[in-house]
Every structure is written in C-alpha cells, then in structure tokens.
Amino acid sequence: MSRLYLYIVLCLYLSQLAFAQSTANKWSESIGDHSVGVHVSTSRYCGDLSERYNLAHLQFGWGIEGHYRYRFHERWCLMSDIGLYHIRATQQYTKNAANQLSFYATNFSVNTRVKWDMLSPEVGNLWNVFYLFGGVGATTLSPSTLLNNTVYSLPDFKTEGNEYALWAAQVNYGLGFPMALNKSTLLSIEGRYTHVRTDYLDDVSTVYVDKSASSELERNLADKRIAFGLPPNVIGATRGNPAKNDGYFLLTLQIIHKFR
C-alpha cells in the first residue's frame, strides 16, 4: 500500500508538469476569492491498538469532507472542513496480539484551519506552490467492536470502569501541493495529522479493572481474552497508555472550485 501512495504522488506530480506546459490551465487567485470543494481521504488510526512502524498492516479507513476556503492575504487563506472519517484497528497485528482488543469508528469531524503558501505567489501562478496548514476542531467518539458477529458500542459498557465524553477537541497540521485543472478548478493532495485531545478514540486508555460483578458480556468486551477462552488479564494490568492521546492521519485528494 505504501508503494501505491508513492505511485499516486508520482502520477500527480507528472500531471502537474504537463499542466505547466499550458498557460490556459493556470489557476489564479486574488485576495477576497472564495472556493468550495470536496475531500476524499485514506485514513490511518494512531493509538493504543496500533504500532506506528508496522507498515505491513496499516489498517486503512476512509474520509470524506466538504471544504470552504477564503483568501484574505496573498499568502494566507482561512479554511473550514466538515465531514466523516472511518478508522479501525486490531491488536492481532501488534506485540499485544494475545489481548485480542479491536475497534472501529465512523466519526463526525469539523475543523477550522489557516493555510500558508510557502512561496510568495504571483497572481496566476498559485497552482504550483507548496503550502502548510494548521488548525483546530472537534470530533465525535463512537468506538465499536465486533463480538460473536454482533456489533457493540463500547462507551455503553464502561470497559475501563469510567465514563468519558463522546466528543473531543482536536489539533491538526500538514502539507499540501496543488495542481490546476483549469482557471477555476484546482486539484490538491494533502497529508494531515490530527491530535485528538483524548485517549478514548479507541476505548482503550488505562488498565484492566475488576469486572467480576458485571455481566458476562461486559467482561468479554472489557477483556476479549475471556471471550476467546484464554486466561483473563490480571486486574491492574496495562490495557493502554494514558500518557499519550490518540490521533489519526489523512492522505487526501482535494478538488475545489473558485468563485468570487
């Protein structure tokens, strides 16, 4: 899959070079211009149920967003995004595979960002300037899991004995590269990482707690070793890492249309 990413980037770059041969395709943008668009993304979750450098099992999801952009300076834009992203992970591919924990979620997200063009662009030449961006926003939390072919919403079962908010603030940043399709339509590729201000994006954060007084279903969801007929984890054993919050990465293909 990493080779596929490199192939996509190479194709987009070669397409940009072809566009550069024709001034008819040049995108121009001025202070006061408005643009709207759509993002389609591949997502990757980063948290307690994944391993950062396990490139063989990236466990991709997806994302889709609506986009609005306003240029208020020759090098600065204000942007807003609203949409959904899907993430998933299982410990099957990690050093903690025996614990059997897994989750997936489709979350609603809203963000406000600022974009900065790395070079001071001349009018009519904004379409090939790398840009940086950063912003803040909020996301819902909806971790679920599959057990015996049934889907369960994990926050309902308080797997670690505590209740947590079903939304969280987030901070994101990244890099983008645009390519003109014509004078009013722009195609961009972006890489964006989002830090979520909670460790419960995946319903995993602290330790295994005493569930002896709970139902069999609650015990199985809190410690899936039990559901698979394995000895349960010791009460107080590490379940997650509360010192580090969760996050996710989006590789995005963006198309926007400009109007004044």
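Thr139 sits in strand S5, which spans residues 131-140; helices (H or I, at least four residues) and strands (E, at least two) are taken here as DSSP runs, numbered from the N terminus. The model is a predicted one, so local features need pLDDT of at least 70 and side-chain atom pairs count only at pLDDT 80 or more, while totals for chains, interfaces and linings use all residues. Residues are numbered from 1 along each chain as its sequence is written, and side-chain values use heavy atoms, with hydrogens and water left out.

With a relative accessible area of 2%, Thr139 is buried, where buried means under 20% relative accessible area, exposed over 50%, and partly exposed in between (1.4 Å probe, protein chains only). A polar atom of the Thr139 side chain lies 3.3 Å from the backbone oxygen of Phe108. Beyond its neighbours within four places in sequence, Thr139 is in contact (heavy atoms within 4.5 Å) with Tyr85, Asn107, Phe108, Ser109, Leu166, Trp167, Ala168, Gln170 and Val196.

The pairing of S5 comes next. Two strands are said to pair if DSSP finds at least two bridges between them. Strand S4 (residues 102-117) pairs with S5 in the antiparallel sense over nine bridges, and Trp116 has Leu132 of S5 as its bridge partner. S5 also pairs with strand S8 (residues 167-180), again in the antiparallel sense, over 10 bridges. Here Gly137 has Gln170 of S8 as its bridge partner, and Gln170 is also among the contacts of Thr139.

Rings of Phe, Tyr and Trp (its six-membered ring) pair if their centres lie within 6.5 Å; planes under 30 degrees apart count as stacked, over 60 as edge-to-face and the rest as tilted. By this rule there are eight aromatic pairs. One of them joins Tyr45 and Phe103, whose ring centres are 4.9 Å apart and whose planes stand at 65 degrees, so the pair is edge-to-face. This pair links distant parts of the chain, with Tyr45 in strand S1 (residues 34-46) and Phe103 in strand S4, 58 residues apart. Both Tyr45 and Phe103 are buried. Tyr173 and Tyr193 form a tilted pair, at 6.3 Å centre to centre and 45 degrees between the planes. Because Tyr173 lies in strand S8 and Tyr193 in strand S9 (residues 185-196), the pair ties together parts that are 20 residues apart in sequence. Tyr173 is partly exposed, with a relative accessible area of 41%.

Charged side chains also meet rings. A charge sits over a ring if NZ of Lys or CZ of Arg is within 6 Å of the ring centre and within 35 degrees of the ring normal. Lys115 lies over the face of Tyr131 at 4.9 Å from the ring centre, and Arg239 lies over the face of Tyr208 at 5.6 Å.

Turning to cysteines, the count of disulfides (pairs of cysteine sulfur atoms within 2.5 Å) comes to zero. Cys46 is partly exposed at 23% relative accessibility, whereas Cys77 is buried at 0%.

For the chain as a whole, there are three helices and 10 strands, running α-β-β-β-β-β-β-β-β-β-α-α-β from the N terminus on. Of the 260 residues, 44% are buried. Among contacts between residues at least 6 apart in sequence, 76% join residues at least 24 apart.

Key: A polar contact is a pair of N or O atoms within 3.5 Å; within protein, one must be able to donate a hydrogen and the other to accept it, and residues adjacent in sequence count only if both atoms are side-chain atoms.
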